[in-house]
Amino acid sequence: KQWYQRRVRGQTNKQSGVVRIYSSEDVAVISPCIKLHITHSTTSRDVINSVIRKLRRQGAAGQLGLEDSDLSNLGLVASVSNVKHHIPDTVQILQLGQPWINAKFHIRYIN
């Protein structure tokens, strides 16, 4: 199994929740973090698209130089114990096991 597929025994799947996306070197958010209400089917790519939409509404996406062509190069990164892991676009965030659900999430350019 991949690192993001490991689960803690007895863990229950949440139907909805809140995820916080923090600033990174690549994508700075205006406030300390952006909170998103997500469902169990929300993927990593959905989170990235929602954050970019929020930044556009706040007028910050243009200042950051985030154009539509750049969006495919962005990825969601989970930081746990100072170790950063890229989360594949198809992974459903609320389906992650511990400690990943408690990770600090960032959006970064993925090479």
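1. How many residues lie between strand 3 and strand 4 in their hairpin? The model is a predicted one, and in it two residues separate strand 3 from strand 4 in the hairpin. Strand 3 covers residues 74-80 and strand 4 covers residues 83-87. The two strands pair in the antiparallel sense, with five bridges between them. As one point of reference along this pairing, Ala-78 stands opposite His-85 in strand 4.

2. The turn of the hairpin contains Ser-81. The phi of Ser-81 is positive, at about 55 degrees, although Ser-81 is not a glycine. Its place is in the loop between strand 3 and strand 4. Is Ser-81 buried or exposed? Ser-81 has a relative accessible area of 67% and therefore counts as exposed, the cut-off being over 50%.

3. Asn-82 belongs to the loop between strand 3 and strand 4. Asn-82 also is not a glycine, yet has a positive phi, of about 60 degrees. With a relative accessible area of 79%, Asn-82 is exposed. A reader checking the backbone can look at Ser-81, with its phi of about 55 degrees, and then at Asn-82, with its phi of about 60 degrees.

4. On aromatic rings, a search of the whole structure gives zero aromatic pairs.

Terms used:
Residues are numbered from 1 along each chain as its sequence is written. This is a predicted model: local features need pLDDT of at least 70, side-chain atom pairs count only at pLDDT 80 or more; totals for chains, interfaces and linings use all residues. Side-chain values use heavy atoms; hydrogens and water are left out. Two strands pair if DSSP finds at least two bridges between them. Helices (H or I, at least four residues) and strands (E, at least two) are DSSP runs, numbered from the N terminus. Rings of Phe, Tyr and Trp (its six-membered ring) pair if their centres lie within 6.5 Å; planes under 30 degrees apart count as stacked, over 60 as edge-to-face and the rest as tilted. Buried means under 20% relative accessible area, exposed over 50%, partly exposed in between (1.4 Å probe, protein chains only).
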